[in-house]
Amino acid sequence: MVAGTAMIVAFALTPSSVRFVLPVILSAATCPAIVAGVRMHGPAPAAAWYVLAAGTVPYAAADAVWGAYQVRGEEVPFPGPVDSLYLVAYLLFATGLLMLTARPAGRAGWAGLLDAGIVTLGFATLSWVFILGPYTRSRLPPLSLAVTVAYPVTDLVLLCLAARLVLTAGPRGPSFLLLVGWLVTTLGADALYYGTVATTGSAIGESVSEVGWMVSYACLGAAALHPSVARKVPPQECGTLVLSRPRLAAMLGLTLVGPAIVVCNVRGVRDDATHIAVLVGIMAALAVLLVLRVSLLAHYAQARAAEARGRARALEESLREQSMLQQRLSHQAFHDPLTSLANRLLFEERLETVVRRHPVPPSAGLLLLLDLDGFKDVNDTLGHPTGDKLLIAAAHRLLGGVRGGDLVARLGGDEFAVVVEELGEDDLGEYVERILGQFRDPFVVGDHRSIEVTASVGARLIREPTGATDALRDADVALYRAKAEGKNCMVLFEPHMRHTSRLHARMADPLGSALSRDELLVYYQPVVELATGDVAAVEALLRWARPHGGPVPPDEFVPVAEETGAIIPIGAWLMRQACLQARRWHEVLPSHREIYILVNVSDRQLRDPGFADSVADALRESGLDAGSLVLGIREGTFSGNGEAAAAQLATVRGRGVRLSVGGFGSGAVLTRLHDVPVDVFKIDASVVRSTGTARVDLLLQAIVDLGRGLGLDIVAEGVDTREQADRLRTLGCPQAQGLCFGQPMTGRLMERRLLARSKGLPWPNA
């Protein structure tokens with residue numbers, strides 16, 4: 001562009017005819033510039049640019065011949081070789097432009113063609129009046145006339161292709177704008193040159209036209225050299241179909257050119273029938289193109305309207321689905337997925353509303369917490385799917401026992417809640433009795449004929465504004481009291497019940513530090529061979545002796561330890577102490593090395609990931625053989641802790657530790673023997689106390705036979721009298737433990753008694 005500008009300035013300032021060499025140099029440089037740009041940037045389609053480059057070759061040759069005549073001051077022959085070269089160049093330019101203009105698909109392609117045709121016909125009107133018409137009225141020979149007319153006709157072809165390129169192209173870069181500049185300057189210079197020749201017989205401002213042609217050379221070469229030539233200009237569909245206001249105004253203006261020329265009688269067109277016929281033909285063609293263009297626009301508008309209607313329908317459907325989804329999500333957010341009752345979130349919102357009200361006596365708000373009695377046994381024996389069906393059935397019965405405006409919620413597991421906004425205090429008993437009555441009849445679930453499940457209820461009357469947390473805590477205290485009083489009943493919360501709950505809470509802190517203060521003790525109780533009176537095993541029992549409060553019963557502090565998690569370090573300590581004591585007995589009493597130590601573990605310990613490692617540490621520290629350690633677990637452990645408990649037990653058993661299960665009485669253990677096989681069955685003390693009846697004796701006999709068949713040790717717990725021991729011995733029960741064989745004792749006392757037994761003395765109380 002800089003070099004071209006310098007040549008153009010030099011051409012304008014040089015007065016001699018030598019200056020006509022400059023256009024030749026500039027036009028000759030265009031071809032290598034285009035080829036270099038294509039090689040450097042790789043535009044698509046590259047073939048179109050090569051055709052444009054080929055067009056510059058005859059154009060430069062024509063300029064060279066024409067310039068030579070100008071330098072010599074001779075007249076250029078017409079028609080002659082120069083004209084042939086120029087026309088060939090224009091044909092190549094038209095071919096290259098046709099290859100560059102990618103036609104949009106569908107209606108957009110036709111719209112671009114129609115718009116280009118309208119622009120071309122509008123300018124064709126001016127071309128006829130000022131160029132073609134005067135040429136046709138001249139007395140030129142046929143060949144000269146044909147060559148003369150060929151120039152403006154090829155310009156109209158280039159104009160049509162240029163209009164199609166400009167009107168259908170999408171985003172434009174610098175290269176595209178330079179290409180358009182080439183077309184505009186070329187067509188403008190041609191129009192000025194041929195128009196003045198046609199109207200005056202000679203070129204007016206020939207140097208101005210020459211400057212325009214030189215500018216066009218520079219624009220074409222720069223368009224190919226600019227890096228943006230590699231950016232493909234995609235056709236635009238919407239912009240082609242839609243008639244913007246500027247485009248519509250331009251097309252209407254070009255359409256009105258012909259009528260305006262006729263009305264104003266420019267150059268006497270109304271006096272010439274040929275002029276009128278040509279102009280009428282052009283205007284008719286314009287009218288046809290305009291009708292077709294409007295038709296395309298109408299079709300496009302209809303298609304867009306149909307598309308808009310479709311989108312509206314889709315949006316309406318989407319909004320409807322979104323509304324349904326919001327309803328489902330809202331229901332899921334506030335309702336239990338299993339029973340469809342209110343969940344804890346909705347329950348807490350309703351409870352918060354009730355506890356903040358000011359009830360008018362004798363009415364009050366009411367909160368009920370309800371827990372299913374025996375639900376765990378259903379899960380253990382019949383499986384969780386049956387348990388889920390039972391929960392659904394229980395939810396339906398609860399709904400049948402409450403009033404219409406009362407809220408029934410499932411808080412989790414088998415725990416339900418009922419929130420009553422207003423209830424007469426005298427109606428409380430009848431209301432709760434109606435709810436409990438829903439559980440009097442057995443449930444029929446799936447293939448099982450009947451399942452008997454009752455309910456325990458903790459009630460909290462809300463007589464004055466209070467906190468939701470306080471009300472829920474009080475109802476929970478009442479529920480636990482109902483469980484303790486035998487279940488299948490309702491307990492109404494009274495303020496004095498908080499005392500028991502507070503005692504429980506006050507026990508948690510000192511229990512957490514009892515281990516570090518050496519307040520915990522280990523006592524031992526023997527397991528005796530009924531046939532010989534020999535000690536077969538010793539069970540380690542945990543005791544807590546508070547320095548200022550006296551001993552605390554295990555059934556009081558062990559649940560607190562399990563709830564707070566203190567049982568994990570306490571249980572590990574108990575395991576180490578028991579293993580160390582057993583190891584000492586084996587060393588001091590070689591004749592009693594077959595005695596094993598039994599240590600009970602809780603469900604909370606089995607949920608601790610480090611439990612198996614703590615057992616291994618106790619064995620390693622004490623040096624006790626793994627086969628001399630038996631871990632005692634509750635029967636519900638097999639189902640209550642699921643796969644985590646089974647994995648822990650399988651790990652310790654794989655290391656040689658044996659397992660004992662206590663409270664034998666349901667089928668839960670039998671169903672899991674293939675997962676975690678046990679070594680010792682302990683018959684529950686409640687069964688032992690019922691010995692002497694035919695049914696219980698048959699049950700005991702069956703348990704003994706089962707143990708022998710499986711190669712297991714059978715231990716009867718709670719043997720407190722000699723009569724019970726004799727009966728168990730008659731039934732073939734091999735081992736027993738209880739007060740009949742001695743109270744729990746310290747390790748030192750147990751050692752003295754084992755030593756006495758090793759010397760042939762009878763076991764005390766045996």
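In which kind of crossing does H3 pass H4? H3 passes H4 in a left-handed crossing. A crossing is left-handed if the near helix is turned anticlockwise from the far one by less than a right angle, and right-handed if clockwise.

This is a predicted model: local features need pLDDT of at least 70, side-chain atom pairs count only at pLDDT 80 or more, and totals for chains, interfaces and linings use all residues. Residues are numbered from 1 along each chain as its sequence is written, and side-chain values use heavy atoms, with hydrogens and water left out.

**Helix H3 and its partners**

- Helices (H or I, at least four residues) and strands (E, at least two) are DSSP runs, numbered from the N terminus.
- H3 packs against helix H4 (residues 81–100) at about 165 degrees, with the axes 8 Å apart. Axes are lines fitted to C-alpha atoms, for helices over the stretch in contact, and angles run from 0 to 180 degrees between N-to-C directions.
- That angle makes H3 roughly antiparallel to H4 (over 145 degrees).
- The contact of H3 with H4 holds 23 nonpolar, four polar and one charged residue. Ala, Val, Leu, Ile, Met, Phe, Trp, Tyr, Cys and Pro count as nonpolar, Asp, Glu, Lys and Arg as charged, and the others, Gly among them, as polar.
- The axes of H3 (residues 46–72) and H8 (residues 206–225) come within 12 Å and cross at roughly 150 degrees. H3 and H8 are therefore roughly antiparallel too.
- H3 also passes H8 in a left-handed crossing.
- Among the residues that meet are Trp49, Tyr59 and Trp66 in H3, and Trp213 and Tyr217 in H8. Contact means heavy atoms within 4.5 Å.

**Nonpolar cores**

- A nonpolar core is a set of buried Ala, Val, Leu, Ile, Met, Phe, Trp, Tyr and Cys residues joined through side-chain atoms within 4.5 Å.
- The largest nonpolar core has 72 residues; Met575, Ile597, Val615, Leu629, Leu631 and Val719 touch the most other members.
- Helix H19 (residues 567–588) gives the most to this core, with nine residues.
- A second, separate core of 65 residues includes Ile8, Ala162, Val180 and Trp182.

**Around Gly738**

- Gly738 sits in the loop between strand E16 (735–736) and helix H28 (747–758).
- Gly738 counts as buried, at 5% relative accessibility. Buried means under 20% relative accessible area, exposed over 50%, partly exposed in between (1.4 Å probe, protein chains only).
- Not counting residues up to four places away in sequence, Gly738 touches Gln525, Val719 and Asp720.

Technical notes
Parallel < 35°, antiparallel > 145°, perpendicular 65-115°, else oblique.
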